[in-house]
Amino acid sequence: MVEAGGSPVPAGDAGPVLDAELFRRWLVAAAEAVSREAKALTDLDAAIGDADHGANLDRGYAAVRARLTDGSAPAPATPGEVLVTAGRQLVATVGGASGPLLGTALRRAGRALGDAERVDGARLGEALRAATTGVREMGGAAPGDKTMVDALQPAADAYDEEFARSSSLLAAVRAAATAARRGAEATGPLRARKGRASYLGERSAGHLDPGAVSVALLVEALAAVCERAAGRV
Ligand code: ADP
Ligand code: MG
């Protein structure tokens with residue numbers, strides 16, 4: 001279909017515009033979700049770790065949010081720059097195992113986006129994969145080791161599968177969020193093989209992995225802002 005002015009209008013699902021502002025809104029939404037769930041995340045970490053995951057992340061995402069919204073530093077101009085800036089902020093403020101890992105995830109995703117002003121569905125899938133690869137390389141965890149990889153890897157896989165099937169960014173990002181949540185829920189019976197929880201051996205089974213749950217919050221926030229931007233909710 002072509003408009004009177006001659007600019008092409010895609011048929012069907014035009015999808016949301018993924019510009020720097022949308023990525024900024026994503027991280028603000030993630031900060032709100034982490035703040036809301038901070039106590040629950042810390043309780044999960046109390047069961048199999050050292051009871052700091054919620055507090056660590058709340059501090060880190062609050063710093064990201066401040067950096068992206070307070071106007072005292074120049075606003076990152078592209079989606080890639082937003083993610084690299086946020087990743088640096090997480091590394092600097094979260095500490096523990098999850099700070100460097102999540103910071104690497106966001107920085108790698110940002111680098112995969114390059115200096116594009118807007119991100120399309122294929123690029124978003126590449127960014128999710130780059131984030132997952134970055135975490136796996138840095139932490140050495142594979143799916144099934146009861147870590148954040150158990151949410152990230154299924155999210156990246158589900159995104160790719162759905163995008164290949166439907167070419168819809170919205171459907172793919174929703175599939176990623178659902179897969180991340182399912183992956184996090186499936187960590188319950190697993191025995192931890194990486195990170196602090198692995199010191200517990202068999203006793204780590206029976207509790208969800210806090211890092212997998214916080215990654216699910218992050219991917220769910222992305223799906224929600226994309227849906228809002230597309231006027232779906
Ligand atoms: P710490 O374990 O240093 O206290 P946090 O409590 O903030 O750090 O984060 C713990 C989470 O980090 C775990 O639930 C797990 O998801 C993740 N994690 C720990 N080690 C690894 C690893 N090697 N690879 C991937 N994720 C890891
Ligand atoms: Mg901890």
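## Basis of the description

Buried means under 20% relative accessible area, exposed means over 50%, and partly exposed covers the range in between, computed with a 1.4 Å probe on protein chains only. The model is predicted, so local features need pLDDT of at least 70 and side-chain atom pairs count only at pLDDT 80 or more, whereas totals for chains, interfaces and linings use all residues. Residues are numbered from 1 along each chain as its sequence is written, chains are lettered from A and ligands numbered from 1 in the order in which they are written, and side-chain values use heavy atoms, with hydrogens and water left out.

## Annotated domain

The unreviewed UniProt entry places the feature "domain: DhaL" at residues 21-224; such positions are given in the numbering used here, feature names are shortened, and annotations may be inferred rather than shown by experiment. Helices (H or I, at least four residues) and strands (E, at least two) are DSSP runs numbered from the N terminus.

## Magnesium site

The magnesium ion (ligand 2) has Asp45 (OD), Asp50 (OD) and Asp52 (OD) as its protein donors, at 2.0 to 2.2 Å. Donors are N, O and S atoms within 2.8 Å of the metal (3.2 Å for Na, K and Ca); water is not among the atoms, so sites may look incomplete. Along the chain, the donors of this ion follow the spacing D-x4-D-x1-D. Asp45 is buried because its relative accessibility is 9%, whereas Asp50, at 31%, is partly exposed.

## Aromatic pairs

The structure holds two aromatic pairs. Rings of Phe, Tyr and Trp (its six-membered ring) pair if their centres lie within 6.5 Å; planes under 30 degrees apart count as stacked, over 60 as edge-to-face and the rest as tilted. Phe23 and Trp26 form an edge-to-face pair because their planes stand at 70 degrees, with the ring centres 6.1 Å apart. Both residues lie in helix H1 (residues 20-48), three residues apart, or about one turn of the helix, and both Phe23 and Trp26 are buried.

Tyr159 and Phe163 form a stacked pair, with 6.0 Å from centre to centre and 20 degrees between the planes. About one helical turn separates them because they are four residues apart in helix H6 (residues 149-166). Tyr159 is buried at 1% relative accessibility, while Phe163 is partly exposed at 22%.

## Pocket and cavity

On a 1 Å grid over the protein atoms alone, a cavity is a set of points where a 1.4 Å probe fits but cannot get out, and a pocket is an open set with protein on both sides within 12 Å along at least five of seven lines; lining residues have an atom within 4 Å of a point. Grid points are joined across faces, edges and corners, and a volume is the space filled by probe spheres set on the points.

The largest pocket has a volume of about 500 Å³. Its lining comprises 26 residues, of which Ala97, Ser98, Leu101, Gly195 and Arg196 are the closest to its centre. The largest cavity holds about 190 Å³ of space. Among its 16 lining residues, Trp26, Leu106, Leu128, Ala131 and Leu218 are the closest to the centre. H1, H4, H5 and H8 each supply at least two residues of this cavity lining.
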